[in-house]
Structures are given as structure tokens and as C-alpha cells.
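Please keep the sequence and the structure at hand while reading.

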Amino acid sequence: MKICILNGDMQTNGSLFTKQMLALADALHPKHQVDIFHLADMDIRHCTGCWSCWWETPGLCSHQDDAARVYYSLVHANLLVFASPLVAGFTSSTLKRMTDRIIPLLHPYLILVQGETHHRKRYSHYPDFGLVLQKEEDTDEEDIQIVGKLYDRLALNFHARKRFIKFIDQDKMEDIAYATYRLTARPCRKKATHACCLIIFVQDICL
């Protein structure tokens, strides 16, 4: 099983959260191939919304930075782990920036999924999602529900599922590792219902 871990800790140098993520990677490594990316130490630029990845260089972002390494690992992974301390009730801006940048991995064209319009696959396979978080002192259940819901929606758009949420301040590391072990037998999912959709891109026109 191939696992891609996106560590969104903004203070990776010696921080407890990053140490925990390294411990998780070590716990998984004997049985699984693990790629862990410490995003704060990488050149990951903001998405500018230029849409070049959709109509000028399909599948390729206009930024030539370290995100390309994440793309390669992500599309070959069986599980994608979004990991971050919560900051003001949400995942870090570092992780959010990389999350925004994975849009080139989808087509701009649309299909019907569970009665909603979502982007078509660019690749035949996408990994399911896991969340590993660290709570703040004032984190409440509503915060967790909001974060969980957003990643449920993100997973739906990426033809995947959010499989678990774990917390390093309340779940043992072996329990977090086990949450990935049991995903090796990936259950089959029904194919999405497709609908024809004509998309017209209009450039260089002032409305």
C-alpha cells in the first residue's frame, strides 16, 4: 500500500506534531511505502486561479515548484493523509495552500455524482483520504464537524472517501497506524452516474 502524508505543521523544526508524523511514517514504513511531505519546508505557491492547468497546459500547473513532487506521489497513493494542527478551528494555511493546488489533477469537464455536478477524473485512480489533527485548547465538536464536512466534500469531488479522523492528542500512534492498515482491502464503489455537459470557455472577452 502506498501512503502520501501531507504534513501541514507550520513549525516543522522540532515541533511535537512533526515528530508525531515522523513516528507515524516509521510505524507504517515496514509494511507500506510512505511519502511524507513537510509542506512548510517546501516551495508551494498559492493557486492564482489562472486555469492554465485546465485549458493551456492540461494537468500541469503554471507554477514550477515543489507541488509537482506531491502530485506524483498523490496519484500513485492508495491513501492520502491530510495532517495538521488546528489553527483558529481549521487546518493550517500551509495545508490549505497545497489542498488548493491539487485542482490540476481533475478535468474541468463535469459529471453527475450523487445528484450533484463534480469534475471528471483526469486519472483512473485517486486515493481515499484520512485526517490526522491536533486540537487546540478551545476546539469543540462544531469545529471538528466543520473540518470533517469540508474534507468529505473534497473527497467527493476527487472520487474518493474520507475514511477516518484521528487526533494525536487523544489517539495512540498505533491506533492511527492501524486506521491505515485496515484500508489495504479497498471496497468497491459504484461508478458515478455520468451526464453529458457542454462547457464553453470564453477568453479575451470583456463582459
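How many helices and strands does the secondary structure of the chain come to?

## Overall architecture

The model is predicted, and in it the secondary structure of the chain comes to six helices and seven strands. Read from the N terminus on, these elements follow the order β-α-β-α-α-β-α-β-β-β-α-β-α. The chain has 207 residues, of which 46% count as buried.

## Salt bridges

Side chains of opposite charge can pair when their charged atoms come close. In this model the count comes to six salt bridges, and three of these pairs are described here, including the one between D65 and R101, whose closest N and O atoms are 2.8 Å apart. This pair links distant parts of the chain, since D65 sits in the loop between α2 (52-55) and α3 (67-75), while R101 sits in the loop between α4 (93-100) and β4 (106-113), 36 residues apart. Both D65 and R101 are buried.

Another of the salt bridges joins the side chains of E116 and R153, with an N to O distance of 2.8 Å. Because E116 lies in strand β5 (residues 116-121) and R153 in helix α5, this pair ties together parts that are 37 residues apart in sequence. E116 is partly exposed, with a relative accessible area of 28%, and R153 also counts as partly exposed, at 36% relative accessibility. The side chains of D128 and R163 likewise meet in a salt bridge, at 2.9 Å from N to O. Here the linked parts are strand β6, which holds D128, and strand β7 (residues 162-167), which holds R163, the two residues being 35 residues apart. D128 is buried, with a relative accessible area of 2%, whereas R163 is partly exposed, with a relative accessible area of 25%.

## Cysteines

How many disulfides does the structure hold? The structure holds zero disulfides, and the distances between sulfur atoms show why for two of the cysteines. For C50, the closest cysteine sulfur is that of C53, at 6.4 Å, which is too far for a bond. For C53, the closest cysteine sulfur is in C61, at 6.3 Å, and this too is too far for a bond. A disulfide would require the two sulfur atoms to be within 2.5 Å.

C50 is partly exposed, with a relative accessible area of 35%, whereas C53 counts as buried, at 9% relative accessibility. A further cysteine, C47, is placed in the loop between β2 (33-38) and α2, and C47 counts as partly exposed, at 40% relative accessibility. Although C47 and R101 are 54 residues apart in sequence, their C-alpha atoms are 5.7 Å apart in space.

## A patch of negative charge

Which residues gather in a patch of negative charge on the surface? The patch is formed by E137, D138, D140, E141 and E142. Of these, D138 has its place in the loop between β6 (128-134) and α5 (141-157). D138 is exposed, with a relative accessible area of 59%.

## Backbone angles in two loops

Most residues other than glycine have a negative phi, and most peptide bonds are trans. Against that background, A88 is worth checking on the structure, with a positive phi of about 55° although it is not a glycine. A88 lies in the loop between β3 (79-85) and α4, and A88 is exposed, with a relative accessible area of 73%.

Q114 likewise has a positive phi, of about 50°, although it is not a glycine. Q114 is found in the loop between β4 and β5, and Q114 is exposed, with a relative accessible area of 69%.

Definitions and conventions
Residues numbered from 1 in each chain as written. Predicted model: local features only at pLDDT ≥ 70, side-chain atom pairs only at ≥ 80, totals over all residues. Heavy atoms only, no water. Patch = residues over 30% accessible without salt bridge, like charges linked within 9 Å, V, L, I, M, F, W, Y side chains within 5 Å. Areas by Shrake-Rupley, 256 points an atom, 1.4 Å probe, with all protein chains shown as cover. Salt bridge = Lys/Arg side-chain N within 4 Å of Asp/Glu carboxyl O. Lys, Arg positive; Asp, Glu negative; His and termini not counted. Charge placed at Lys NZ, Arg CZ, Asp CG, Glu CD. Helix = DSSP H or I, 4+ residues; strand = E, 2+ residues; numbered from the N terminus. Buried < 20%, exposed > 50% of the residue type's maximum accessible area, 1.4 Å probe, protein only.
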